[in-house]
Amino acid sequence: MTTTLYQIGTFAAGNRLLAPEQRAVQSSTERGNAITSGHRACRGCGEALAARVVLDAASRASSGRMVTVNATGCLEVFSTPYPESAWQVPWLHSLFGNAAAVASGVSAALRATGRDDIRVVAQAGDGGTVDIGMGCLSGMFERNDDVLFVCYDNQGYMNTGVQRSGATPPAASTATTRPVGTSVGNAFGTGKSLPLIAMAHEIPYVATATVADLHDLEAKVVTAMSMHGARYIHVLVPCPLGWGSASAETIRVARLAVQSGLFPVFEAREGAVTAAMTIRAQVPVEDYLRPQTRFDHLFRGDGRPDVVAALQERADRNIARFGLLAEQPDNPPDGRPQDPAPLEKETP
Amino acid sequence: MLRQLEGSRAVAETVARCRPAVVAAYPISPQTHIVEALADLVTAGELASCEYLMVESEFGAMSACIGASAAGARAYTASASQGLLFMAEALPNASGLSLPIVMTVANRALGAPINIWNDHSDALSQRDAGWVQLFAASNQEAVDLHVQAFALAERLSLPVMVNMDGFVLTHAMEEVDVPEQDDVDAFLPPFQPRQWLDPDDPVTIGAMVGPGAFTEVKYLMADRQIRALDTVTEVAAEFRAAFGRDSGGLVRPYRTDDAEVVLVAMGSTLGSATDVVDDLRAEGVAVGLLGIGCYRPWPYDEVRAVLGGVPRVVVVNRAIAVGAGSVLGRDVRLSLPGGTTVVHDVVLGLGGRPVTRAGLRELVLDVLAGQVPDETLHFADLDREAVHRELAREAALEEAAR
């Protein structure tokens, strides 16, 4: 049974209304606290929040029998300035591009030595997932290794000073895609969707989530941990530093990404979409873009309504493809879309 | 029991008897027969409780070994040449994290130009990666070094690379004794990791270390490498006691007493070089041979002890340090500070060009006749006519452009 509570802000109130077994892991004083406070993440860091929620949920789902593998990136740097460590779970960091392969090795070792009650969760930022870590991750997927891989997508290389990654959205200004001259920021027609690429491997489970709905994120981690084989969760995590959003707005910005249709939240099994989180009322992409200085150039002076329109078109296509609008007649109330339309790459 | 076996097959069977829990490998010539044979052994169930990961790249292979080893499992891989370079980022990571991974390198040249044949450019390019590097002179020694490598790696908590010449050893059929399972089990106890990713006792492995402690961590790594010299000797002695044959160790001097000239070499060249020494000694030429069994850590004292009083040393380099001379030759020179020994740094056998008895014999005689320089790198088996023609053509083009 699914209970959906529409609320703004914290889920604490919602937790009190829910049956104990449905309450969020984070609502429990008994939670594992995989990553403790005192780490060096920026204020309002979406990644730190998501990592805590993901690992606490995974830890509870595995009764604490869990190993974490971490790629190089913000999360690794801010959590382990030697001799300190924020990790209360067994945690291994090797390199930037190899988290998936390291996790495969951990998983194989646990299986070979009869300790396969211990589960493996790998985590990386979008650079370590969609760009430099892509080869190892694809290998992990195709071998169907028993690993849950979680990507915290903040849409750029934030740790090194906000450069463009393969997950940076079109029109975003980064340190390597400045809107100078005739440029509108990051080029249209570029970038990749790792969830769709993961689905093409026909792995048991693929899901997307955001820090705007932590209950949904937890539920997806719990679902993933109830399965074996290669599983992938892609979490949108706003980065106040890189996006130029207020540190108090992280949750709101993530919610606007979903409500505008720019970031579809869905689940897929064995390569087919099985559920999508519907939007009650679509908001214009402008509402999502305006709170972020990385899109300032679209609104300065006469602005670039053409570019905003192109982004709106992108959002609308997502909504059509994944059936994100609740009132659409062909979209049953349980969120199952029918025949997702193929996504076409837009031209600049 | 002696059997007629291909070197790769013998190594694969030996590795299997060392009971790795995880094998992660990506195929590359001339390592392929090793990983093929291991795949057969795992698939046939002859390697109980071993996981074989067919990874997407050598970078993935070494990374999977890092994960497996950190999870407390004995991990093994094999590679060569471009593959070794493709995993280069992960090599200092494995040693920096003190993970006792064992890897066979079927030594092969580095491109461009692409070349699949044997020399030592691949292993020597990873000289400073923090791995113990052993070199096998024969297939029997390659077999024996793998048994020793696992013992060595786990005793030191350091990764160990066993080098065997590509094709020359990996694809050679000869009589080899693969140690029996019971004997290997007696020699090599089950892997007891110093730490592992234990949910009951969580550890953070791979933290970020800043200027405040980085130098100290590196110092301790360097110190452990140097201490490994003793362990290499110790394990080789234990192996001799257990299996009744000499294999491994730091250096292998052969007829070096009163020698006028001593050849220094690594790998399969030592076989031909031994024959050349015997032939020349029979003719009254005072020549000896120093085989380097352990290239990293460098056996500084042992090399000096053998070469210190020798008038002339000829280093057989199967790799070059482009723009700076040789790799092995520089280490040899460093072992001979302030002495009177003349070192001839010689390159031969690059990219699979055979290092023959005739070639080595001619080299020694040329050195004794004063025909080999001792200050510049000498290419002993070079087609001088071809390179001079090319140099002249380039000079003419430059002249025409002026």
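Domain bounds in this report come from an automatic or database domain assignment. On that basis chain B splits into domain 1 (2-243) and domain 2 (252-385). This is a predicted model, in which local features need pLDDT of at least 70 and side-chain atom pairs count only at pLDDT 80 or more, while totals for chains, interfaces and linings use all residues. Residues are numbered from 1 along each chain as its sequence is written, and chains are lettered from A and ligands numbered from 1 in the order in which they are written.

**Domain contact in chain B**

The centres of domain 1 and domain 2 of chain B, taken over C-alpha atoms, are 28 Å apart. Residues are in contact if their C-beta atoms, placed from the backbone, lie within 7 Å; 27 residues of domain 1 of chain B and 20 residues of domain 2 of chain B take part. Helices (H or I, at least four residues) and strands (E, at least two) are DSSP runs, numbered from the N terminus. On the side of domain 1 of chain B that touches domain 2 of chain B, two or more residues each come from helix H6 (121-125), strand E6 (132-135), strand E7 (160-165) and helix H9 (214-243) of chain B. H9(B) has the largest share, five residues.

The table lists both sides by class: Ala, Val, Leu, Ile, Met, Phe, Trp, Tyr, Cys and Pro count as nonpolar, Asp, Glu, Lys and Arg as charged, and the others, Gly among them, as polar.

| Side | Residues by class |
|---|---|
| Domain 1 of chain B, touching domain 2 of chain B | 15 nonpolar, nine polar, three charged residues |

Strands pair if DSSP finds at least two bridges between them. An open sheet of seven strands in chain B has the order E3-E2-E4-E5-E7-E6-E13, with mixed pairing. E3 and strand E13 (294-296) of chain B are at the edges with a single partner strand each, so one side of each lacks a neighbour in the sheet. Strand E5 (residues 102-107) of chain B runs parallel to E7(B) over six bridges, and Met103(B) has Met161(B) in E7(B) as its bridge partner.

How values were computed
Contact = placed C-beta atoms within 7 Å.
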